[in-house]
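Opening the notebook on this one.

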Amino acid sequence: MTASPRRLAVLSMTGRLRRGQRPSLDDAQVREGLELMLLSRLFDARATTLQRLGRWGVHSPVEGQEAAVVGACLAVDPGRDWLVPQYREFPAYIHHGMPLAGIAAFFTGHPAQGRIPDGVRMLPIQVAIAAQLPHAAGLAWGLRRQGGGAVVLAYCGDGATSEGDFHEACNLAGRMQAPVVFLVQNNGWAISTPRSLQSATPSLALRALGYGFPGVRVDGNDLLAVHQATATAVARARAGEGPTLIEADTYRYSFHNTTDNPAAYADPVELAAARRQDPIERVRRYLTQRGAWDPAREAAVRERLTATLDAAVNAAARLPPPGPDECFDDIYARPPARLLRQRAGHGAPSEA
Amino acid sequence: MAELSYRAAVRDALREEMLRDESVILLGESITGYGGSYAVTKGLVEEFGPRRVMETPIAEAGIVGFAVGAAMGGLRPVAELMTVNFALLALDQIVNSAAKFHYMFGQQWSVPLVVRTVSGFGQLGATHSQSFEGWFASVPGLKVVMPATPTDAYGLLVSAIRDPDPVIFIEHSLLYSMRGPAPPSGEAGLVPLGRAQVVRQGQDVTVVAYSRMLFQALQAAETLEREDGISCEVIDLRTLRPLDYPTVVGSVRRTHRVVLCGEDWRTGGFGATLLAEIQDRCFDDLDGPVARVAMRDIPLPYARNLEHLLIPAAGDVVAAVRSLV
Ligand SMILES: Cc1ncc(C[n+]2csc(CCOP(=O)(O)OP(=O)(O)O)c2C)c(N)n1
């Protein structure tokens, strides 16, 4: 069996630079990353509470995976690159320009107000597992034809790598030399299926070999490692050298989503061990040691983020419930006559 | 009388068939840890081990294709697809392989496969709230079963597992916790594929339903009896293919009016096929047009208020019956 690729790590558990490593982000950028990670965790808690109160749809928390998401998105340029989500990458949407208020509107059932604003270069979340990956390859290939050096960052989970769409997307991307970075968040789980039952390969990054492009494995709880690997991949893609597959090893601290109950299957010992690798704490230590972070600053940041979150959630709560006409109008750019008749008779299904 | 949930009835059928027949195996996503998306197979891996209850990678096309191969090699696989929405990834394996091997190669092969999957909704969004029974039921070579009660879930699943042909067995997410009389155990509990059941007798209107819509139809029948003095005959199809036309046609010939209920789309939904057959066979018996209760031709919205408004319910059945009488 092929050996697993060496796992890139930049920060130690105590937040120190490992020997021979240099940070690919300056302190101000790392602070920006930490703020996104903190916002993400606050958002998870809030969305979960609201879901329990019946005021929010299903929520899939990022908790535990913040470094994997944020380290990667900091390596792309929202002003020119595209983001292709799965669904567990909330802080990346914010970094890429998606307004928090729009996200809150979307998850409370207001698609019109939850629209991705014009100019924000991201596709919508994708819950059909792995379906976003062929889109990412095609999007990247199309962008390359247009020139301008834009790159696509596509996220997926370890579970998604088992779908046929993953294989077909990687093969197409390699064959077409599409400027795309596939970032696999290996969070140990696909609902209740552990990574070990997903594939016999020792590392998902090894898959890239068969597609003719590099596969890299990183410590997904290390913001700087994820950033460094993604930045290298982005530079390759921009230079016309094609795709890269990155496997970021991390861990899902919480449930798969708010309908799940991991107490029924997850090992508490494994979870406790993962929690000791907290990606936020590691960055906090790193910045603190460099004199770029302290408790007072964190308190002020939290206060500001909480206020932003409150404002977005409250604005969504004030939106009037959507009317039934919306769902008839939104199906086609130009609704056919039959649909318009059904819309007019939506109280009486046997008409139209 | 002993009672049992729909979920437990499905599990009992799986368990008893596995005890009876070594060649029955289960495979699907998250079927060991959580017990599948609706915890139906919970406990089975502990009893039968991971060689007979296999947790698979997320790979619907692969799961069904793997099960087709295993079936051709002599096993009786029951593949679980988390919801019918994900069965779309496996359509090629279902339609072009499972449903074709027996036909195309001189009956040399049979594919004794059951694909268990789930229809339903509950603020899951447009891609996770669809009903495709009409599509599956349009494919020669497939059998399609949609049980409404625990008794039928048990009896039909046992029959499906023993059937030599591929069966698409569609459960309903909103029925899992519903309780009903426990089926008689053993052979007495078998329910044959392809037989409908008259669940309530009546004279004025025939209401044809299956799965969750059976209960909406029964509720509507009570309302109509009480408020309008209309007597509805309610038929539970139970199997959509092969369909028990004699039971449906016999009833329509007596009542002269019929309402067809489903949760799938009005255009191309299963009711559309049924309607065509009824007008063909019962044209001279009908006192009015065939009425339908179906999903309007829109993907189900995520907003809770809209979902409530749009899913076919008893009130829609009442309105449809009143429009005929
Ligand atoms: C095609 C398809 N199959 C199954 C599902 C059900 N499902 C939703 S999330 C999920 C697990 C995905 O795991 P992974 O890709 O590792 O991402 P994670 O949720 O762990 O972030 C599954 C199986 C789905 N949404 N789409």
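I started with the two domains of chain B: in this predicted model, the centres of domain 1 and domain 2 of chain B, taken over C-alpha atoms, are 26 Å apart. The domain assignment puts domain 1 of chain B at 3-189 and domain 2 of chain B at 197-324. I looked up their contact next, and 24 residues from domain 1 of chain B meet 24 residues from domain 2 of chain B. On the domain 1 side, helix 6 (133-137), strand 6 (143-145) and helix 7 (150-162) of chain B each give at least two residues. I sorted that side of domain 1 of chain B by class and got 13 nonpolar, eight polar and three charged residues.

Then I went to the chains. Chain A puts 31 residues into the contact and chain B puts in 33. On the chain A side, helix 12 (325-329) and helix 13 (337-344) of chain A each supply at least two residues. I get 18 nonpolar, twelve polar and one charged residue for the side of chain A that touches chain B.

Last entry: a helix pair in chain A. The axes of helix 1 (residues 27-52) and helix 11 (residues 295-318) of chain A come within 10 Å and cross at roughly 45°, so I log helix 1 and helix 11 of chain A as oblique to each other. I noted their crossing as right-handed. Among the contact residues I found A:Leu38, A:Leu42 and A:Arg46 on helix 1 of chain A, and A:Arg302, A:Leu305 and A:Leu309 on helix 11 of chain A. By class, the contact of helix 1 with helix 11 of chain A has nine nonpolar, one polar and three charged residues.

Definitions and conventions. Residues are numbered from 1 along each chain as its sequence is written. Chains are lettered from A and ligands numbered from 1 in the order in which they are written. This is a predicted model: local features need pLDDT of at least 70, side-chain atom pairs count only at pLDDT 80 or more; totals for chains, interfaces and linings use all residues. Domain bounds come from an automatic or database domain assignment. Two residues are in contact if their C-beta atoms, placed from the backbone, lie within 7 Å. Helices (H or I, at least four residues) and strands (E, at least two) are DSSP runs, numbered from the N terminus. Ala, Val, Leu, Ile, Met, Phe, Trp, Tyr, Cys and Pro count as nonpolar, Asp, Glu, Lys and Arg as charged, and the others, Gly among them, as polar. Axes are lines fitted to C-alpha atoms, for helices over the stretch in contact, and angles run from 0 to 180 degrees between N-to-C directions. Angles under 35 degrees count as roughly parallel, over 145 as roughly antiparallel, 65 to 115 as roughly perpendicular and the rest as oblique. A crossing is left-handed if the near helix is turned anticlockwise from the far one by less than a right angle, and right-handed if clockwise.
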